[in-house]
Amino acid sequence: MTLRTQLIKCTLCAILYISVCFFLLSIKRRYFLTQESDLISPVNSNYTKQTCSVPSQPIIKSVDLEIELLERDEMNGQTINLQESAALLQQISNVCVKYNLKTPLIRRHFLYSSKHKAMYCWIRKVASTSFTKLFSDMKNRQVTRNYYREVNILAPKTLKELQRIVNDTKIFKLLVVRHPFQRLVSSYRDRIEDNSKYTAQSWIYVKKIFRVTKPHLFHSNITTGNFQKRVFTADKRLKIIPTFKEFVLWLLQSSEEDDVHWNQYYTHCGVCNVPYNYVLKLDDYTYGQINYIFTKFGLDKTKVYLPKLEQTRGGYTSFSNTCKYFASLTQDIIMRLYRRYQIDFEMYNYDFKRYMFCANKKI
């Protein structure tokens, strides 16, 4: 036998030995993973919380089980902040008890997918279009515009069905919020200030706003015409736009029911009666959080498209943009505005003090 032949045989033996070692190590690893999975069996991330048979009464919830389930989700590769999520759920419950809140369920405020065992409460100017599109796609509906009309199709059919969904621990329940002041400015920009289009809000509320801030516009004569002609074009767009300060002053003294674009979160989404599984804060969301939600909805994140959540036709309303609008307000007005949305601020741990420094500034 030549030296070359011996070298070839030794090499083959070494390769065979290494391959066998890797094979045995692989079998050992699978065995231990199997043993571990027997100890920690996968569970649905929905949790059982105390519910109340009377919808008008707040529910006191324990988030201990939710913490445990979130920990298991993280072990399965879902990137979320466990402590922050659990603390937020607990904070919502605490505020409900603190103020003895009654938050009635309104059927049309919720979107539901029985196939994906998912429920979501829409809030206008808080990525509602993006998530409505998502639920529409989950129902295989080919819709490209006017997503607000989808509510009638995607909502639970009856209040009784909604109550059943709320109490079903197998259904993942999602709520999305953002800073109340940024949402308020975003609503003003889109529904009042933007006069490139007709909006129901400008048509309905501008007249009421000017009753408070510009009553002289209602003194019609042959030269100026009546209020309608002075303020609106023939196609119902605004010719005279109320300032943000005028909008806020009217809002603070208004006693009528709020429009869904600027109502308080807690009055809209039944937060004291719905045991939400997850609250996404739009201000600082991560793609790990979006992937977590997709996983809970049973969606393949590589095949699902969700528009960038902060994009709107008027551009994203950031703190900087909001501060510019708040520069027209006094600190007293900002404080009154905070009190109006105080429960939302407390529920979701939002800060308002930095906006006080925006008051009466030339930006």
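Colleague: Is Ser 130 buried or exposed?

Modeller: Ser 130 is buried, because its relative accessible area is 9%. Buried means under 20% relative accessible area, exposed over 50%, and partly exposed in between (1.4 Å probe, protein chains only). This is a predicted model: local features need pLDDT of at least 70, side-chain atom pairs count only at pLDDT 80 or more, and totals for chains, interfaces and linings use all residues. Residues are numbered from 1 along each chain as its sequence is written, and side-chain values use heavy atoms, with hydrogens and water left out.

Colleague: Where does Ser 130 sit?

Modeller: In helix H4, which covers 128-138. Helices (H or I, at least four residues) and strands (E, at least two) are DSSP runs, numbered from the N terminus.

Colleague: How far apart are Ser 130 and Tyr 147 in space?

Modeller: 8.9 Å, C-alpha to C-alpha. In sequence, Ser 130 and Tyr 147 are 17 residues apart.

Colleague: And Arg 145, buried or exposed?

Modeller: Arg 145 counts as exposed, because its relative accessibility is 61%. Its place is the loop between H4 and helix H5 (151-154).

Colleague: Where is Asn 349 found?

Modeller: In the loop between helix H15 (342-347) and helix H16 (353-356). At 49% relative accessibility, Asn 349 counts as partly exposed.

Colleague: Core now. Which residues have the most contacts inside the largest nonpolar core?

Modeller: Met 347 and Tyr 348, in a core of 94 residues. A nonpolar core here is a set of buried Ala, Val, Leu, Ile, Met, Phe, Trp, Tyr and Cys residues joined through side-chain atoms within 4.5 Å.

Colleague: What is Met 347 in contact with?

Modeller: Leaving aside neighbours within four places in sequence, Met 347 contacts Leu 88, Gln 91, Ile 92, Val 95, Cys 96, Leu 101, Tyr 266, Val 271 and Cys 272. Contact means heavy atoms within 4.5 Å.

Colleague: What about His 268, where is that?

Modeller: In helix H11, residues 265-268. His 268 is buried, with a relative accessible area of 1%. Not counting residues up to four places away in sequence, His 268 touches His 109, Cys 121, Trp 122, Ile 123, Val 260 and Asn 263. Cys 121 is 147 residues from His 268 in sequence, yet 8.4 Å away in space, C-alpha to C-alpha.

Colleague: Why is H10 largely enclosed by the rest of the structure?

Modeller: Because 7 of the 10 residues of H10 (residues 244-253) are buried. They are Phe 244, Glu 246, Phe 247, Val 248, Trp 250, Leu 251 and Leu 252.

Colleague: What covers them?

Modeller: The cover includes helix H7 (180-193), helix H8 (200-213), helix H13 (319-326) and helix H14 (331-340). Arg 189 is in H7 and counts as buried, at 17% relative accessibility. The C-alpha atoms of Arg 189 and Tyr 325 lie 9.8 Å apart, with the two residues 136 apart along the chain.

Colleague: Switching topic. Which residues line the largest cavity?

Modeller: Asn 81, Glu 84, Ser 85, Leu 88, Tyr 278, Val 279, Lys 281, Asp 284 and Gln 289. Helix H3 (82-98) and strand S4 (278-281) each supply at least two lining residues. A cavity is a set of points on a 1 Å grid over the protein atoms alone where a 1.4 Å probe fits but cannot get out; lining residues have an atom within 4 Å of a point.

Colleague: How much space lies in the largest cavity?

Modeller: About 80 Å³. Volume is the space filled by probe spheres set on the points, with grid points joined across faces, edges and corners.

Colleague: Last one. How many helices and strands are there?

Modeller: 16 helices and 4 strands. Of the 363 residues in the protein, 46% are buried.

Definitions and conventions. 1 Å grid on protein atoms, 1.4 Å probe; cavity = no way out; pocket = protein on both sides within 12 Å on 5 of 7 lines; lining within 4 Å.
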